Amino acid sequence: MTISEATKLSTARATSVRPLIWIGAITTGTVVTNLFAPQILVGLIGRSLGMTELQAGLISTLTLLGYALGLLLLVPLVDLVENRRLILRTLACAIVAAIGTAMAPTPVILLAATFILGASCAAIQMVVPLVASMVPPERRGQAIGDVMSGLMIGILLSRPAASLIADSWNWRGYYV
């Protein structure tokens, strides 16, 4: 194989991993919004469900505590379980928890659903190393940077997006 052939192969492979990097960035950016949006929606959710100030304050707290527990218990599983399957199941759990949050008729069910949603958001920390492991070594730094950029954009847009969606529909619309 000549040098020019090797270069052509690496460029072809580089282009084939670009969609994977984009999927990773969009996934992390979308999932992280569930950690920060509740902070802006607390007042609307509390009034809607007749929650006390203490209960309403627990919405954001339990979401982030769930995330911390997910980091502690779920993320280490990537060393024991096949990564794609674990990530897909964790993301599926996040979808179910988000729907549960949107449909919660009582404060207790809402708080439980937001806790599970927070724990499921630990998938963010599973996606980054998965994407990094699937790109050529010379592109890993760039891939991690791109995925983390998606994460940061998700953090920055989560509150305005939650506010816009809640104004257009209601707070439940955000979770659907």
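Ala119 sits in helix α4, which covers residues 107–120. Helices here are DSSP runs of H or I with at least four residues, strands are runs of E with at least two, and both are numbered from the N terminus. Ala119 counts as buried because its relative accessibility is 15%; buried means under 20% relative accessible area, exposed means over 50%, and partly exposed lies in between, using a 1.4 Å probe and protein chains only. Ala119 and Leu86 are 33 residues apart in sequence, and their C-alpha atoms are 13 Å apart in space.

Before going further, a word on what you are looking at. This is a predicted model, in which local features need pLDDT of at least 70 and side-chain atom pairs count only at pLDDT 80 or more, while totals for chains, interfaces and linings use all residues. Residues are numbered from 1 along each chain as its sequence is written, and side-chain values use heavy atoms, with hydrogens and water left out.

Now step back to the whole chain. The protein chain has seven helices and zero strands, so its pattern along the sequence reads α-α-α-α-α-α-α under the DSSP rules given above. The C-alpha trace spans about 70 × 35 × 20 Å along its principal axes. Of the 176 residues in the chain, 40% are buried. Among contacts with a separation of 6 or more, 79% are between residues 24 or more positions apart.

Ser120 is buried because its relative accessible area is 2%. With residues up to four places away set aside, Ser120 touches Thr90, Cys93 and Ala94.

Another serine to visit is Ser60, in helix α2 (residues 53–73). Its relative accessibility is 13%, so Ser60 counts as buried. Beyond its neighbours within four places in sequence, Ser60 is in contact with Pro38, Gln39 and Val42. A polar atom of the Ser60 side chain lies 3.5 Å from the backbone nitrogen of Gln39. Ser60 and Pro107 are 47 residues apart in sequence and 13 Å apart in space, C-alpha to C-alpha.

What about the nonpolar side chains? In soluble globular proteins, nonpolar side chains tend to be buried together. A nonpolar core is a set of buried Ala, Val, Leu, Ile, Met, Phe, Trp, Tyr and Cys residues joined through side-chain atoms within 4.5 Å. The largest such core here has 23 residues, and Ile21, Leu35, Ile87, Cys121, Ile124 and Val131 touch the most other members. The elements α1, α3, α5 and α6 each give two or more residues to this core, and α5 gives the most, with six residues. Ile124 touches Thr28, Val31, Val32, Leu35 and Leu151, not counting residues up to four places away in sequence. Apart from this core lies another, of 21 residues, including Leu41, Ala102, Leu110 and Leu111.

The structure also has open spaces. On a 1 Å grid over the protein atoms alone, a pocket is an open set of points with protein on both sides within 12 Å along at least five of seven lines, and lining residues have an atom within 4 Å of a point. The largest pocket has a volume of about 260 Å³; grid points are joined across faces, edges and corners, and the volume is the space filled by probe spheres set on the points. Its lining includes Thr30, Thr33, Leu91, Ile165 and Tyr174. At least two lining residues come from each of α1 (3–49), α3 (83–103), α6 (140–168) and α7 (171–175).

Thr33 is in helix α1 and is buried because its relative accessible area is 15%. The side chains of Thr33 and Tyr174 make a polar contact at 2.9 Å; a polar contact is a pair of N or O atoms within 3.5 Å, where within protein one must be able to donate a hydrogen and the other to accept it, and residues adjacent in sequence count only if both atoms are side-chain atoms. A polar atom of the Thr33 side chain also lies 2.6 Å from the backbone oxygen of Thr30.

How values were computed: On a 1 Å grid over the protein atoms alone, a cavity is a set of points where a 1.4 Å probe fits but cannot get out, and a pocket is an open set with protein on both sides within 12 Å along at least five of seven lines; lining residues have an atom within 4 Å of a point. Contact means heavy atoms within 4.5 Å.
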